[in-house]
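Let's take a walk through a protein model together. Have a look at the sequence and the fold before reading on.

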Amino acid sequence: MTGILDRVLLYARTARHLRWEQWLYRPVRRIQARMPYRAPVIACRPSAGRWAALAETVSAWGPADPQACVTRAGEVASGTFRFLGHAERIEAVDWNRRLVGHLWSYNLHYFDYAVDLAWTARLTGEQRYADRFVELASSWISRCTPGKGDGWEPYPVSLRIVNWIYALLLLGDRIDPAARDRIAASIAQQAAFLERRLEFHILANHLQKNLKALVVAGLFFEGAGAERWLRRGLRLLWRESLEQVLPDGTHYERSPMYHAIALADQLETIALLEAAGQPVPQAVRAR
């Protein structure tokens, strides 16, 4: 039944305008919330042909502030998580408990610190940072039931997909192949979930994050699922780009923070597409 409801929304969002999808979203999601989620079996694997090009591109960006990156990674490696100006010492992460609040919990599930750990492993040459990423990702995979809890909300899923992919690309052989395969399999499962949970009811930066994650996952993996994520993600992302970025170049939420986030997302996505040999519409480049 939940698969049928997902398909209703999937067909609705193929319309030129999104009004039908927005109208259907809330009642369909209420019904789905009362049903057990069945995680799909995804037949895709990291793309051997694109891995080197994507890894080279992400590596070329470098950490914005290396010292701050190492400091943040050091805290996480020692069990301290700092979000929204509040730090918590956590010996063993309980992913299903809100220690501070909803937004703080969201930040824990974003896994932005995965990229800090990956960069710090490269900057210092210390394996413990790579091991810490694997430990935290493996813990999340084991303890977060698919489709349930803060970690499976579409926005945290979107950020985590990209952060885990970047971490895998940056760490490369520093991660044991078995662990890398397990993390990659979870990313694919999360992308399949996200594909049917795009936040059309929120739109704006939330939807852009959703679509960026689908595109990045579509580039990172190969197989029928990955091709579909890339195709759908790009179609909707380009449409959103031309709507969300106004003719004068500002983001339509009129917030410097959201403008910076949207710009960074677009630049990263375009850089990865170029590395993979994928075309970018000239109209999007102009915006």
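Predicted model: local features only at pLDDT ≥ 70, side-chain atom pairs only at ≥ 80, totals over all residues.

Residues are numbered from 1 along each chain as its sequence is written, and side-chain values use heavy atoms, with hydrogens and water left out.

The protein has 13 helices and four strands. Both are DSSP runs numbered from the N terminus: helices are H or I with at least four residues, strands are E with at least two. Of the 287 residues, 51% are buried. Buried means under 20% relative accessible area, exposed means over 50%, and partly exposed is in between, using a 1.4 Å probe and protein chains only. Now take contacts, meaning heavy atoms within 4.5 Å. Among those between residues at least 6 apart in sequence, 71% join residues at least 24 apart.

Next, find helix H5, residues 102–110, which is mostly covered, with seven of its nine residues buried. Among them are Trp-104, Tyr-106 and His-109. What do the buried residues of H5 pack against? Their partners are strand S2 (80–83), strand S3 (86–89), helix H6 (112–124), H7 and H8.

The structure holds 16 aromatic pairs. Rings of Phe, Tyr and Trp (its six-membered ring) pair if their centres lie within 6.5 Å; planes under 30 degrees apart count as stacked, over 60 as edge-to-face and the rest as tilted. Why is the pair of Trp-152 and Phe-193 edge-to-face? Their planes are at 80°, so the pair gets that label, and the ring centres are 5.1 Å apart. This pair links distant parts of the chain: Trp-152 is in the loop between helix H7 (127–143) and helix H8 (154–171), while Phe-193 is in helix H9 (residues 177–195), 41 residues apart. Both Trp-152 and Phe-193 are buried.

Phe-221 and Trp-229 make another edge-to-face pair, at 6.2 Å centre to centre and 80° between the planes. These two are buried as well.

Now for a pair of helices. Helix H3 (residues 48–61) and helix H12 (residues 256–275) pack with their axes 9 Å apart, at an angle of about 140°. The axes are lines fitted to C-alpha atoms, for helices over the stretch in contact, and angles run from 0 to 180 degrees between N-to-C directions. On the H3 side you'll find Ala-53, Leu-54, Thr-57, Val-58 and Trp-61, which meet Glu-268, Ala-271, Leu-272 and Ala-275 in H12.

Helix H3 is also the place of Gly-49. Is Gly-49 buried or exposed? Its relative accessibility is 69%, so Gly-49 counts as exposed. The C-alpha atoms of Gly-49 and Glu-222 are separated by 9.0 Å, although these residues are 173 apart along the chain.

Finally, the cysteines. Cys-44 counts as buried because its relative accessibility is 17%, and Cys-144 is buried too, at 5%. A disulfide is a pair of cysteine sulfur atoms within 2.5 Å, and a search of the whole structure finds zero of them.
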